[in-house]
Amino acid sequence: MASILFSFVGNQDPFGSITGEGSIVTLLRGLKGRNIKISRAILLYTQGERGTEKNAFDTKEHIESDADLKNIPISIYPVSEKLSTDPTDLSTAIDDAKSGLNRLNTYLKPGDFIEFNASSGTPAMKATFSVFQAANYAMNSRVWQVRNPDTKNPEQERVFKSDLRGLRREFDFTVLCKLINEYNYSAALEIIKISSIDLDSSLLNKIFACNLWNQGQFEQFYEQIKCYLKPIQKNQAENIYWWKAYEQAYTAVIRLEQGHTTEAMLHSYRAVEGLIYEWIKNELQNYIIDNKNEYALLEKEILDKYPFEDLKDLFKEYDKRNTGKIEIRRKVQATLIRHIILSNRNNADFNGWDNKEAMKLRDFLSHKLGGISQNDLFNAWCQYKYNKSTEKWESQNDIYNPKQWKQRLLNCLNLITNQNFDSFESASLFSFVHEEVKKQLENHQFQ
């Protein structure tokens, strides 16, 4: 493992009337004194009448003639005309330093370090390397400063490291908080992985769990966070069949907030349709036969308890072999839910899910290439009524903003589960954990 020195050339290189030996040569001696092997030095100089081209060649010649340093290869390159014209421009200095880094990378081997000299050149040039470190632009790098021998205190070193990693941590922490607020937990984990932010283990566990939730892995999410939950919340996840439906629906709500309307459509209907299926299996378990990875089977004995004609018709339609069992597919689910939860028949919110026109629109949108607009999403949840004069089903257009859509979705779930949650935030375990993450991040910021 070795190091490559990277520096702009200043007017005090290789010698200055005030500093004596310039910072580039002084730094090379200081690094050698720390047993840091320098495999090469890359020097950038400005051009023109007031440029540092002569200083660069003089520095190269001086190093090559020095008994202690002569084995270090020196590569010198001019900066752009723009930086030569205005060497005080920080933005241009950064661009030129990046170009220099590209050249440097051709010499860099795995495990090598870059040693930045932040004491040569104009203030803008010197600041460039600190910006690189603070922005984590060059991973294996160190920034060095060289003190003026006439002004340094006796106890101070002539050559010392300038560490801006604390500032980098502040940058990373700001980004992390923003990502958490946007529910972007996968990106948050990536920031944590590459930064030096030191987070409490419980906070890391919760962030990891929230990423599982974002992926729809609700069981794994619960296992990760159950030790942080209240008893009533644990009971909800362990003993109540409907808890994942609210998590699925809350996923839809968040996706809409993020502008992912196609995903919002998918998750909203999965929440209702999945809940109905689980509700049937829970409420009618004496008439249900598990069918492994296929739809569960409904036994004909259900007709003794619920002798509805349309349910009888479904057995005639689907039980061709007279097995006394039919799969609980969507049409069967809808029939059961309409008859058993009687209020569904005239419920406006449930009508937004259970009507043929909305189903047609959902099927069309689901099989259409391209995105789904917010208006499409709302229309797929609207009520439809039959217009006798036109002999057509017409949308009532009773949803035209996210708040109404969110309330319709919540009301559908509450209707099926017989709960009275007033918001998804109160129903969702994720919402609780998400708020805990934000609180812990806020506390961490002020430690």
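Axes here are lines fitted to C-alpha atoms, for helices over the stretch in contact, and angles run from 0 to 180 degrees between N-to-C directions. Helices (H or I, at least four residues) and strands (E, at least two) are DSSP runs, numbered from the N terminus. The model is predicted: local features need pLDDT of at least 70, side-chain atom pairs count only at pLDDT 80 or more, and totals for chains, interfaces and linings use all residues. Residues are numbered from 1 along each chain as its sequence is written, and side-chain values use heavy atoms, with hydrogens and water left out.

**Stop 1: a pair of helices**

Select residues 309-318, helix α14, together with residues 330-340, helix α15; their axes come within 10 Å and cross at roughly 165°. That makes α14 roughly antiparallel to α15 (the term covers angles over 145 degrees). The crossing of α14 past α15 is left-handed, meaning that the near helix is turned anticlockwise from the far one by less than a right angle.

From α14 come D310, L311, L314, E317 and Y318; they meet K331, V332, T335, L336 and H339 of α15. By class, this contact has five nonpolar, two polar and three charged residues. Asp, Glu, Lys and Arg count as charged; Ala, Val, Leu, Ile, Met, Phe, Trp, Tyr, Cys and Pro as nonpolar; the others, Gly among them, as polar.

**Stop 2: the sheet**

Next, colour the open sheet of six strands, in the order β5-β4-β1-β6-β7-β8 with mixed pairing. Strands pair if DSSP finds at least two bridges between them. At the edges are β5 (74-78) and β8 (159-161), each pairing on one side only. On average, neighbouring strands are turned by 25° against each other, direction ignored.

Zoom in on β1 (residues 3-8) and β4 (residues 38-45): they run parallel and are joined by six bridges. F8 stands opposite L44 in β4.

**Stop 3: two single residues**

Select N414, in helix α19 (residues 402-417). Is N414 buried or exposed? At 9% relative accessibility, N414 is buried (under 20% relative accessible area; exposed is over 50%, partly exposed in between, with a 1.4 Å probe and protein chains only). Leaving out residues up to four places away in sequence, N414 touches Y246, Q419, N420 and F421.

Finish at E435, in helix α21 (residues 429-445). With a relative accessible area of 34%, E435 is partly exposed. Its C-alpha atom is separated by 9.5 Å from that of N181, 254 residues apart along the chain.

Technical notes: Angles under 35 degrees count as roughly parallel, over 145 as roughly antiparallel, 65 to 115 as roughly perpendicular and the rest as oblique. Contact means heavy atoms within 4.5 Å.
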